[in-house]
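Dear colleague,

I am handing over the structure below, and after it I set out what was found in it. Please read the notes with the coordinates open beside them.

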Amino acid sequence: MIEFFQAIADPAVVATVLRVMTPLLLAALGVLISDRAGVLNIGMEGIMLSGALIGVLVSAATANPFLGLFAALIGGGMLGALMALFINGLGTQFIITGIALNMAALAATTLGLFLATGDKGMSGALQSGVLPNIDIPLLGGIPVLGPLLSGHHMLTYVAILAVPTVAIMLARTPFGLHIRAVGSDPKAAAAAGVSRNRVQFHALTLSGVFGGAAGAYLSMGYVSWFAQNMTAGRGFIALAAEVMGMGTAWGTFAAAAVLGIAETVAITMQTKGLPNELMQMIPYIVPAVMLTVYAARRQAKARSNS
Amino acid sequence: MTRSILAGLTEFALTALVIVLVILAVLVPVALSQPDPFEVLRLFVLGPFGTIRHMGNILEAATPAMMTGLAATIIFRAGMFNLGVEGSFFLGGLAAAATAVLLPLTGFVATPAAILVGALVGSLACIVPGYLRVRFGASEMVNSLVLNFAFLFAGVYFLNYVLRDPNAGALMSYKLPADFTLDRLLQGTRLHTGVIIAFVACILGGIWLYGTRSGLNVRIVGSSPGFASHLGLASSKLLMQAQVAGGLIAGMAGAIEVLGLYSRFSWTALPGLGWTGITVAILARENPFLVIPAALFLAYLQVGGDMLARNLDVPSEIVGLVTAAILLAVTAAAIFRHPAFLRLIRDIKGQERGA
């Protein structure tokens, strides 16, 4: 048991957990905002993939990783806005819209990579930038806590700070109220003069911005290149994290943390010589198991109430 | 009767028009970026009909699309958004290859046995999320999305540690024995007898869905669960039946694909043909009979894209964009539920009653 706690307090382990949970948390918060507005963003996988490529291409072209991040945020937001235009403008179902976006993003990013580098697999030929880690001046000096809290990737801090921000935005601001109103009862919202189309447009755009950030983290932090289909289902894991989080920002944070720990265990076991492929299954099995356990408990509760 | 056929044709004409416009919207900008824009359009639109061999390629590409399209159709018809078809297709291919490599079967039983094992193992990827939904109420969509990847890595593990040929260089299985193949039908293409299975499956699927009591029951459960429970239908059982049937067909599709096209199994990523099947099902309006033309059409686009890639400097990924755009356009309520269009359909049908 003591060994377990020592392992958890090990700065290297904490750093790995934070490293793998950052993209999940950013993406899951994006999914959360869209879900509360009644348009679950299935296209998160495609938005992340696009953000990852845009970040690499723009940072390589401008030699400035921050411009790359900025472009990824804008690009992600535009894809989210595009989804909203299709859903409310053309009347497509949001699930199918998300599936179509994922298909289009896989094709378009491969195409874009090919046009930029002449290679369909990897962006290795491009000199793309990496976003920096941040050392927090005073905090870093504290003996035990310092190494745990300081020196992580800038988007890791952004992701963690985004949790209370999103929680407050959803619970306390007029915009959050509108999102919840449209998501829970569009007719009542319309009667109160809240436009569903407008709110869902803003929610999906914001969701896309989070997706763009998650993608930029993957290609300019987690690794320093873009590879075809590099998200490998992380957008879907984020979807599961949001569902596990029961529609709250803090719940989503907890779910992303659990999934981050699961992936860290998987990575650690791989280095100990356990079969790579079986360990890679863990981040995909854990959300399915947790989702099912939650659903079963909710069902049992509903039964005992009735 | 003729009036209702006419109404159907009107809807088909509108769908066709929308699709043509979407293809042009994606393709014209690409064409203009090339030195000879008309050559791009000509090659994409007419190229696949140029030779018998290319038409064979269309049938070859349509084979898995028909099967996965049928699988998705049956699952969607039961009202479930289970996206496990992709995982089932992968597992089915792997299990068929495993049967071929590991079991000492020969002669006529070999290929059917491998397809059967592929179908049974492959169906797991649809059954598990379906069961978790029916039994515990867990979202089948999210579960199937993540479990597809879990099945993928389990499959890659099996490939790496059991089926891998150490002398093959890359990660691939031992050679599949010659008895475990589907016969080629056309010289110069990889078209194989699997295409016949796909056609028959779609027709049988259509007859089942529209012509039998259990097909009707599945449609009732899918379209109005409340009415189904009023009728006293065993909803859970029917839902599971549809998931099992869809999974078996998708697994079979993967098995047929591997046995028909490859001499070794080497998939280390999800092949994406399950997503094609979902597009086919939606394009076919979830009608098994229409799955056949929908799959042929998407295969035609694929062959056109391949020809562009081979003859001009246009990557075939352009087809992915076209397919995604078509998927959106044909589900756009703004077009197909437009009041003017609905009135037109009603007028065409309404005159039948008047006459």
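In this predicted model, 41 residues of chain B are in contact with 41 residues of chain A, where contact means heavy atoms within 4.5 Å. The area buried between the two chains is about 3600 Å², and carbon and sulfur atoms give 80% of that area; buried area is the accessible area (1.4 Å probe) that two parts lose on being put together, summed over both. On the chain B side, F153(B), E317(B) and L328(B) lose the most area to chain A, together 17% of what that side buries.

As to conventions, residues are numbered from 1 along each chain as its sequence is written, and chains are lettered from A and ligands numbered from 1 in the order in which they are written. Because the model is predicted, local features need pLDDT of at least 70 and side-chain atom pairs count only at pLDDT 80 or more, while totals for chains, interfaces and linings use all residues; side-chain values use heavy atoms, with hydrogens and water left out.

Within chain B, the domain assignment gives domain 1 (1-34 + 316-355) and domain 2 (56-313), with bounds that come from an automatic or database domain assignment. The C-alpha centres of domain 1 and domain 2 of chain B lie 27 Å apart, and 14 residues of domain 1 are in contact with 13 residues of domain 2. About 1100 Å² is buried between these domains of chain B, of which carbon and sulfur atoms give 74%, and in domain 1 the residues that lose the most area to domain 2 are S316(B), V319(B) and L327(B), together 36% of what that side buries. Here too, across the interface of domain 1 and domain 2 of chain B, the rule finds zero salt bridges.

Finally, domain 1 and domain 2 of chain B both give residues to the lining of the second largest pocket, so this pocket lies between them.

Best wishes

Definitions and conventions
A salt bridge is a side-chain nitrogen of Lys or Arg within 4 Å of a carboxyl oxygen of Asp or Glu.
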